[in-house]
Amino acid sequence: MIKMFKLKNIISIKDFEREDVEYILDEASKLENIAKSKEVSEELKGKILGLMFFEPSTRTRMSFETAMKRLGGDGIGFESSGSSSVSKGESIADTAKMFEGYSDALVIRHELEGVSKFISDIVDVPVINAGDGAGQHPTQTLLDLYTIKNEIGEIDNLKIALIGDLKFGRTVHSLSNALGLFENITIYLVSPPELRMPQEILHDLNKTNISYIETDNIEDIIDDVNVLYVTRIQKERFGDIDEYEKIKGAYVVNKKMLEGKDLIVMHPLPRIDEIDTDVDNTKYNKYFTQAANAVPVRMAILKTLIKNNPK
């Protein structure tokens, strides 16, 4: 049976079915050699990707640019709202319509939830959500799943600990939703009480066959998991800096606590102090591999959306 990818836009991982996820992961595996510069592609020659980054980003923006260039295309855009006409008062809608005229697809990061969805409703080219506030980060989730599949062999039967800022962390929100598409998943939610997973995400999990356990102690669960998915405490999401100071550094994963364990450590990056650098040169470290996996996965996304939706 020929697999098809049904979505025109990538706004939320909730829009995906398991077949959609598997399509992108399969495509990404076929693009590995191009991503690593072992082969050259002109698959998207002459195509332009519009990068609308109203919120600062390094890895996400650079990996999308790299993915587009590896496929023979190019990118245009801005790195913050201050470097666009939005700073002069131009509406986001007008900026998006302008970019639509120049581009074959748009990648959008914004500090407010829902902006990517809003833009997808007013333009005809594919829209990719590259992170919206504390909401969703679906392409990060796809590269997370790709990493898990490559390193562990499958996604079904996974036991994963999500650690750190579960309240504001859009990566863990999207990943939790995505894991609901797979079988026999157990999620351990490890956070300070102030940063617990939001009720709406738990409500979504309750509608799946996922088992989840909430705790504030890594030691309680570290022997039971295949993956430690560590996130930073996000200073920029706190209205009160004193509240941030109270709980920053709540969890630090180090080499000693991992010794003898059969697991991998992942992190969406940037890392602050939640994974000690003594983990970097161990077999447990998969966070830099995870970052590199952004390129073939985002290549698969761009190739699929632009080929399926020509201007």
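**View 1. A salt-bridge network of five residues.** In this predicted model, salt bridges link Glu 27, Lys 30, Glu 43, Lys 303 and Lys 307 into a network. Across the structure, the number of salt bridges is 23.

**View 2. The salt bridge between Lys 14 and Asp 204.** The side chains of Lys 14 and Asp 204 form a salt bridge with an N to O distance of 3.0 Å. Lys 14 belongs to the segment before α1 (18-30), while Asp 204 is in helix α8 (residues 199-206); the pair therefore ties together parts that are 190 residues apart in sequence. Asp 204 has a relative accessible area of 15% and is buried.

**View 3. The salt bridge between Arg 18 and Glu 22 in helix α1.** In the salt bridge of Arg 18 with Glu 22, the closest N and O atoms are 2.8 Å apart. Both residues lie in helix α1, four residues apart, so about one helical turn separates them. Arg 18 is partly exposed at a relative accessible area of 23%, and Glu 22 is partly exposed at 22% relative accessibility.

**View 4. The salt bridge between Lys 149 and Asp 26.** Here the closest N and O atoms of Lys 149 and Asp 26 are 4.0 Å apart, and a salt bridge is counted within 4 Å.

**View 5. Surroundings of Tyr 146.** Tyr 146 is a residue of helix α6. Its relative accessibility is 2%, so Tyr 146 counts as buried. Leaving aside residues up to four places away in sequence, Tyr 146 touches Leu 25, Ala 28, Ser 29, Glu 32, Asn 293, Pro 296 and Val 297. The C-alpha atom of Tyr 146 is 21 Å from that of Ile 275, a residue 129 places away along the chain.

**View 6. The largest nonpolar core and a second core.** The largest nonpolar core has 61 residues, of which Leu 145, Ile 160, Leu 162, Leu 179 and Ile 187 touch the most other members. Helix α12 supplies the largest share of this core, nine residues. A second core of 20 residues is separate, and its members include Tyr 188, Ile 218, Tyr 251 and Val 279.

**View 7. Contacts of Leu 145.** Leu 145 is one of the residues that touch the most other members of the largest nonpolar core. With residues up to four places away in sequence not counted, Leu 145 touches Val 21, Leu 25, Ile 155, Leu 175, Ala 178, Leu 179 and Phe 182.

**View 8. Helix α12.** Helix α12 runs over residues 294-308, 15 residues in total. From its first C-alpha to its last, helix α12 reaches 21 Å, close to the 21 Å expected at 1.5 Å a residue. Of its 15 residues, 13 are buried, so α12 is largely enclosed by the rest of the structure.

View 9. Tyr 102 is part of helix α4 (residues 92-102). Its relative accessibility of 52% is why Tyr 102 counts as exposed, the cut-off being over 50%.

Key. Residues are numbered from 1 along each chain as its sequence is written. This is a predicted model: local features need pLDDT of at least 70, side-chain atom pairs count only at pLDDT 80 or more; totals for chains, interfaces and linings use all residues. Side-chain values use heavy atoms; hydrogens and water are left out. Helices (H or I, at least four residues) and strands (E, at least two) are DSSP runs, numbered from the N terminus. Buried means under 20% relative accessible area, exposed over 50%, partly exposed in between (1.4 Å probe, protein chains only). The expected span of a helix is 1.5 Å times one less than its number of residues. A nonpolar core is a set of buried Ala, Val, Leu, Ile, Met, Phe, Trp, Tyr and Cys residues joined through side-chain atoms within 4.5 Å. Contact means heavy atoms within 4.5 Å.
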